[in-house]
Amino acid sequence: LTGEMAKLVPATEAVPLAEAALLDKGDAPQTLADYRGKVILLNFWATWCAPCRKELGALDRLQGEMGGDDFAVVTVATGRNPVPAIEKLFADEAITRLPILRDPDQTFARATGVLGLPVTVLVSRDGNEIARLVGDAAWDSEAAKAVIRAAIDAPAP
């Protein structure tokens, strides 16, 4: 692990991701079921968090380049993040490929062990945490893409 990916902490054991009870921008309930079978880069962020805002562009570019049948970037606005504020931020920063998912009461974030923001969790195809990075990172960097490709190419357990 090089560059900013040196901050990535590999999981020492297979830990299943907590169940997610999320809301979309229209307040409809959502889960991560749509992403089953994919490697997921799960990013917890908030509109008021400057480092979170800084890395959204890189996450959007990463989704544009690598997102598909095997991989998805999933962003979750945790805490108080009004939908109009999220939509304005996405418009201002030209974020077009990331989902608007919300965890307004922080239940999912707490169950996932998120204590500060941003936090990004790399999740295996079978729903286990592979690694975690606390703080922002250049997720569209070659080092990050190499880590993600390795997770995509990993044999099924």
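Helices here are DSSP runs of H or I with at least four residues, and strands are runs of E with at least two, numbered from the N terminus. I looked at a predicted model.

**Entry 1**

I started with the loops. Glutamine 106 sits in the loop between β6 and α3. Its phi is near 65 degrees, a positive value in a residue that is not glycine. Is glutamine 106 buried, partly exposed or exposed? With a relative accessibility of 32%, glutamine 106 counts as partly exposed.

Alanine 94 belongs to the loop between α2 and β6 (101-103).

I then checked the peptide bonds. The one joining leucine 117 and proline 118 is cis, with omega about -10 degrees. Proline 118 is placed in the loop between α3 and β7 (119-123).

**Entry 2. The disulfide**

I looked for disulfides and noted one in the structure. Which cysteines form it? They are cysteine 49 and cysteine 52, with sulfur atoms 2.3 Å apart. The link is right-handed, with 75 degrees about the S-S bond. Cysteine 49 and cysteine 52 are both buried.

**Entry 3. Aromatic pairs**

I recorded two aromatic pairs.

Tryptophan 45 is in strand β4 and phenylalanine 90 in helix α2, so the pair ties together parts 45 residues apart in sequence. I noted tryptophan 45 and phenylalanine 90 as buried.

**Entry 4. Nonpolar cores**

I went on to the largest nonpolar core, which has 31 residues. Which residues have the most contacts inside it? They are Phe71 and Trp139. Elements that each supply at least two residues of this core are β4 (39-45), α1 (50-66), β5 (71-78), α2 (83-92), β8 (128-134) and α4 (142-153).

Leaving out residues up to four places away in sequence, phenylalanine 71 touches Lys38, Val39, Ile40, Leu41, Leu62, Gln63, Met66, Ile148 and Ile152. Another core, of 18 residues, lies apart from the largest one; Val74, Leu101, Val119 and Val123 are among its residues.

**Entry 5. Helix α4**

I ended with α4. At 1.5 Å a residue, its 12 residues should span 16 Å, and the end C-alpha atoms are 16 Å apart, which agrees.

Which residues of α4 are buried? I listed Ala144, Lys145, Val147, Ile148, Ala151 and Ile152. These residues cover an arc of only 160 degrees around the axis, so they lie on the same side of α4. Glu142 and Asp153, on the other side of α4, are exposed. The buried residues of α4 are covered by elements including β4, α1, β5, β7 and β8.

Terms used: Residues are numbered from 1 along each chain as its sequence is written. This is a predicted model: local features need pLDDT of at least 70, side-chain atom pairs count only at pLDDT 80 or more; totals for chains, interfaces and linings use all residues. Side-chain values use heavy atoms; hydrogens and water are left out. A nonpolar core is a set of buried Ala, Val, Leu, Ile, Met, Phe, Trp, Tyr and Cys residues joined through side-chain atoms within 4.5 Å. Buried means under 20% relative accessible area, exposed over 50%, partly exposed in between (1.4 Å probe, protein chains only). Contact means heavy atoms within 4.5 Å. A disulfide is a pair of cysteine sulfur atoms within 2.5 Å. Rings of Phe, Tyr and Trp (its six-membered ring) pair if their centres lie within 6.5 Å; planes under 30 degrees apart count as stacked, over 60 as edge-to-face and the rest as tilted. The expected span of a helix is 1.5 Å times one less than its number of residues. The arc is that of the directions from the helix axis to the C-beta atoms.
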